[in-house]
Amino acid sequence: MAANIKLKEIKHPFWQVIGIGTLAGMRTSAAPVITSQILSHHHSKRLEKSPLRFMQSKTVANALTVLSVTEVVMDKLPSTGNRTAPGGIIFRGLSGALAGASIYKASGNNVWVGSVIGAASAVASTYLSFIVRKTVGKKTGIIDPILGGIEDALVIGAGIGLAEIA
């Protein structure tokens with residue numbers, strides 16, 4: 001999910017947060033990875049004295065990117081829990097909230113609004129992506145690990161696209 005992205009300013013924070021929150025519903029780590037990649041290439045003075053300043057660190061962005069590989073691998077294992085279990089919902093919501101708060105703070109908007117938009121997008125996407133993945137599997141016979149790989153490719157591609165719309 002790491003891309004060399006040079007941004008001047010965040011121009012579409014609402015749509016970025018909706019999109020990044022949606023990706024959090026598919027892959028929990030996607031939201032902080034994409035957001036930190038965006039912000040590490042676009043330092044905002046608004047984040048410098050904020051508790052969210054770590055999100056614009058290149059070290060954090062790179063570490064989160066490496067850690068996200070673990071989620072990609074774990075998703076394919078038969079022992080992986082259901083994304084709609086309470087823990088999955090909570091962490092996906094928190095992931096979307098962190099991304100939303102960071103993007104909104106960096107763009108000079110209300111942190112709480114960004115947090116709510118990110119969390120709501122993540123939770124809604126968690127259920128929708130679960131239903132879509134299970135339905136596609138039943139109708140096509142494609143095994144779940146293959147569907148997971150397709151989902152990973154979609155998340156990565158969409159994440160790069162969202163980073164570039166700023």
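**Reading helix packing in a predicted model**

The buried residues of helix α6 are L147, G148, E151, D152, V155, G159, L162 and A163.

Trainee: How are "buried" and "helix" defined?

Mentor: Buried means under 20% relative accessible area, exposed over 50%, and partly exposed in between, with a 1.4 Å probe and protein chains only. Helices are DSSP runs of H or I with at least four residues, strands are runs of E with at least two, and both are numbered from the N terminus.

Trainee: How are the buried residues of α6 arranged, seen down its axis?

Mentor: The arc is that of the directions from the helix axis to the C-beta atoms. For α6 the buried residues fall within an arc of 145 degrees, so they line one face of the helix. The face turned away from that buried side carries the exposed residues A153, L154 and E164.

Trainee: Against which helices do the buried residues of α6 pack?

Mentor: Contact means heavy atoms within 4.5 Å. The buried residues of α6 pack against α1, α2 (30–40), α3 (58–75) and α5.

Trainee: At what angle do the axes of α4 and α5 cross?

Mentor: Axes are lines fitted to C-alpha atoms, for helices over the stretch in contact, and angles run from 0 to 180 degrees between N-to-C directions. The axes of α4 (residues 86–106) and α5 (residues 111–140) come within 6 Å and cross at roughly 145 degrees. Residues of α4 in this contact include G96, G100 and Y104, and those of α5 include G114, I117 and G118. By class, the contact of α4 with α5 has eleven nonpolar, seven polar and two charged residues. Here Ala, Val, Leu, Ile, Met, Phe, Trp, Tyr, Cys and Pro count as nonpolar, Asp, Glu, Lys and Arg as charged, and the others, Gly among them, as polar.

Trainee: How does the packing of α1 and α2 read?

Mentor: Helices α1 and α2 pack at an angle of about 140 degrees, with their axes 7 Å apart. Q16, I20, L23 and A24 of α1 meet A30, A31, I34, T35 and I38 of α2. That contact has seven nonpolar, two polar and no charged residues.

Trainee: Is V17 buried or exposed?

Mentor: V17 lies in helix α1 and is buried, with a relative accessible area of 3%. Not counting residues up to four places away in sequence, V17 touches G100, I103, Y104, G114, I117, G118 and S121. V17 and I117 are 100 residues apart in sequence and 6.8 Å apart in space, C-alpha to C-alpha. H12, in the segment before α1 (13–26), is partly exposed, with a relative accessible area of 35%.

Notes
Residues numbered from 1 in each chain as written. Predicted model: local features only at pLDDT ≥ 70, side-chain atom pairs only at ≥ 80, totals over all residues. Heavy atoms only, no water.
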